[in-house]
Amino acid sequence: MSTQAKATEPARCLKCHRILRNASPDGYGPKCRRKIRRAARSNQGGHHGWQVAKAVELLELGGVIPLRANRIFLVVSDDGSEVYRTAVSGQCNCPAGLRSVTCYHSAAAAALAAA
């Protein structure tokens, strides 16, 4: 009996779903990563500078995962112990978002959706 090796499916970009030649830890291809960083550094309406900086860090670490048509995202907390649902509209189920305060999770989601 011979055993056949299973073919593994190639890694794909989380944003554009193109096949990645070199898998990256954040899951994005080089073009999508550039677009995301550019959008994150542009003016984020209603977010403070420190929130934009934390959002850029979160995007670089790959802590934002799109769920539905670039409108709803799963976002990891800063200590990595919690996962929050965030919408582009600014709604988030983190403690700050539940108090109707804009959080950096929504800034990261908006930057990813804008790219």
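This report covers the sheet, the helices, the open spaces and a few single residues of a predicted model.

## The sheet

Three strands build an open sheet, and their order is E1-E2-E3. The pairing is antiparallel. Strand E1 (64-68) and strand E3 (83-87) stand at the edges. Each has a single partner strand, so one side of each is left without a neighbour in the sheet. From one strand to the next, the twist averages 30 degrees.

Strands of a sheet pair through backbone hydrogen bonds, either parallel or antiparallel. Here, E1 and strand E2 (residues 72-76) are joined by four bridges. Five bridges join E2 to E3.

## Partners and turns

Start with E1 and E2. Pro66 has Phe73 in E2 as its bridge partner. Val64 stands opposite Val75, also in E2. The two strands form a hairpin with three residues between them. Ala69 lies in that turn and has a positive phi of about 45 degrees.

Now E2 and E3. Val76 has Val83 in E3 as its bridge partner. These strands also form a hairpin, with six residues between them. Gly80 sits in the turn, and its phi is positive at about 80 degrees.

Which residues of E2 lie on its covered face, and which on its uncovered one? Phe73 and Val75 make up the covered face. Ile72, Leu74 and Val76 make up the uncovered one. In a regular strand the side chains alternate between the two faces of the sheet.

Phe73, the partner of Pro66, belongs to the covered face. Val75, opposite Val64, belongs to the covered face as well. Val76, the partner of Val83, is on the uncovered face.

## Helix H4

Is helix H4 (residues 104-114) mostly covered or mostly uncovered? H4 is mostly covered, with eight of its eleven residues buried. The buried residues are Tyr104, His105, Ser106, Ala107, Ala108, Ala109, Ala111 and Leu112.

Leu98 is found in helix H3. Is Leu98 buried or exposed? Its relative accessibility is 63%, and exposed means over 50%, so Leu98 counts as exposed. Leaving aside neighbours within four places in sequence, Leu98 is in contact with Cys92 and Asn93.

Ser100 is found in the loop between helix H3 (95-98) and H4. Ser100 is exposed too, with a relative accessible area of 70%. Its phi is near 65 degrees, a positive value in a residue other than glycine.

His17 also has a positive phi, near 65 degrees, and is a residue other than glycine. His17 is found in the segment before helix H1 (30-41).

## The largest pocket

The largest pocket has a volume of about 290 Å³. Its lining holds 13 residues. The closest to the pocket centre are Ile19, Leu20, Arg21, Gly29 and Pro30. By class, the lining divides into seven nonpolar, two polar and four charged residues.

## The cavity

How many cavities of 30 Å³ or more does a search of the whole structure find? The search finds one. About 50 Å³ of space lies in the largest cavity. Asp26, Tyr28, Arg33, Ile36, Arg37, Leu59 and Glu60 line this cavity.

H1 and helix H2 (49-60) each supply at least two residues of that lining. H1 gives the most, with three residues. What classes of residue line the largest cavity? Four are charged, three are nonpolar and no polar residue takes part.

Technical notes. Residues are numbered from 1 along each chain as its sequence is written. Side-chain values use heavy atoms; hydrogens and water are left out. Buried means under 20% relative accessible area, exposed over 50%, partly exposed in between (1.4 Å probe, protein chains only). Two strands pair if DSSP finds at least two bridges between them. Axes are lines fitted to C-alpha atoms, for helices over the stretch in contact, and angles run from 0 to 180 degrees between N-to-C directions. On a 1 Å grid over the protein atoms alone, a cavity is a set of points where a 1.4 Å probe fits but cannot get out, and a pocket is an open set with protein on both sides within 12 Å along at least five of seven lines; lining residues have an atom within 4 Å of a point. Grid points are joined across faces, edges and corners, and a volume is the space filled by probe spheres set on the points. Ala, Val, Leu, Ile, Met, Phe, Trp, Tyr, Cys and Pro count as nonpolar, Asp, Glu, Lys and Arg as charged, and the others, Gly among them, as polar. Contact means heavy atoms within 4.5 Å.
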